[in-house]
Amino acid sequence: MSSVARAGLRIAALGAFLLAGFVPMSANAAPAGCAALQAKYPSLKGKQLVNAINPHTPGYEAIDPKDPNKYVGFDIDLGEQIGECLGFTLTYKAVTFAALLTTLSSGQADIVISDIYATEERAKAADFITYSKVFDGVLVAKGNPKKITGINTSMCGAAAAENTGFVEVPLVQALVAPCKAEGKPEPTLQLYDNNANCIQAILAGRADTYVNDVNTVDQAVKANPDKLEKAIAVTIPYSVGIAVPKDKPEFRDAVMAALIEVQKAGIHKELLKKWDLDPNNFKEPDILSVK
């Protein structure tokens, strides 16, 4: 048989293979264990749920630059993978960060997957399935004119831009007493509704620093290398979590089980790579629930 004939047979065989509905497994295909989960949690199959997000954290959740009606990022992809595993789809409700949990508790959203740190205080309002370690970066103007070296008394007298409701707010507020003890002026806080406004405050010279997830800080430096830099990265004793209503433990357990399947299939780590996020953020899931 000629090489041309052999090639023709291979193409014909491939065509028949695809027409028969057999396609190679992709990174987006639901893991094998998901079929059992859909059988275990049948009430979720075919549902459309609402994910409350604050879409101003590039790499995690942001407005698609190609389509302002869509959102893109690691958390968007992860949520859709969990939905695919359990058989539901997601729509999105954009709110301020401070309104994420109130939107959930009021019933306007079913889930929150939006780079939100799971804390004991927040777990009074929602249950969390944690999935990511937390490393914060300290963003400053190029050259670090205030010589800030971390969340410490080097921030005395500095103006810190922070997101309303972020865990970094009380960390900065806790510096008031140490600064006074050292005879230094206390730090001041400027509260904004999203990351972009915090970063803009430094660019405009209104603020001296902004402390947030290290990947967010790195993205800001990458976008403004001549104007911004990361003073240091610091460890924060929290984990990022998916928030679900406290009165829906079965839904929480279903999301947890689906996340485990997504991680076992290697999809979680693939998404970290896709969005250029630190693989050291990877964390096996756990539940934080406070009565």
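**Aromatic pairs, disulfides and a buried glutamate**

Phe 97 and Phe 166 are both buried, where buried means under 20% relative accessible area, exposed means over 50% and partly exposed lies in between (1.4 Å probe, protein chains only). The structure is a predicted model, in which local features need pLDDT of at least 70 and side-chain atom pairs count only at pLDDT 80 or more, while totals for chains, interfaces and linings use all residues. Residues are numbered from 1 along each chain as its sequence is written, and side-chain values use heavy atoms, with hydrogens and water left out.

A search of the whole structure finds 4 aromatic pairs. Rings of Phe, Tyr and Trp (its six-membered ring) pair if their centres lie within 6.5 Å; planes under 30 degrees apart count as stacked, over 60 as edge-to-face and the rest as tilted. One of the pairs joins Tyr 71 and Tyr 92 in an edge-to-face arrangement, with 5.8 Å from centre to centre and 65 degrees between the planes. Tyr 71 belongs to strand E4 and Tyr 92 to strand E5 (residues 89–94), so this pair ties together parts that are 21 residues apart in sequence. Helices (H or I, at least four residues) and strands (E, at least two) are DSSP runs, numbered from the N terminus. Tyr 71 is partly exposed, with a relative accessible area of 22%, and Tyr 92 is partly exposed at 23%.

The rings of Phe 97 and Phe 166 have centres 4.2 Å apart and planes at 65 degrees, so this pair is edge-to-face. It links distant parts of the chain: Phe 97 is in the loop between E5 and helix H4 (100–105), and Phe 166 in the loop between E8 and helix H5 (168–173), 69 residues apart.

The discussion now turns to the cysteines. A disulfide is a covalent bond between the sulfur atoms of two cysteines; here the term is applied to a pair of cysteine sulfur atoms within 2.5 Å. The count comes to 2 disulfides. In one of them, the sulfur atoms of Cys 34 and Cys 85 are 2.0 Å apart. This bond connects distant parts of the chain, with Cys 34 in helix H2 (residues 34–40) and Cys 85 in helix H3 (residues 74–86), 51 residues apart. Its S-S torsion is about -100 degrees, so the disulfide is left-handed. Both Cys 34 and Cys 85 are buried.

Cys 156 and Cys 179 also form a disulfide, with sulfur atoms 1.9 Å apart. Their link is left-handed too, with -95 degrees about the S-S bond. Cys 156 is buried at a relative accessible area of 15%, and Cys 179 is buried at 0%. Counting bonded cysteines along the chain, the disulfides follow the pattern 1-2, 3-4. Cys 198, by contrast, is in no disulfide; the nearest cysteine sulfur, that of Cys 179, is 20 Å away.

An open sheet of 3 strands has the order E2-E3-E4, with antiparallel pairing; two strands pair if DSSP finds at least two bridges between them. Strand E2 (56–57) and strand E4 (67–72) stand at the edges with a single partner strand each, so one side of each has no neighbour in the sheet. Glu 61 lies in strand E3 (residues 61–64), and Thr 57 stands opposite Glu 61.
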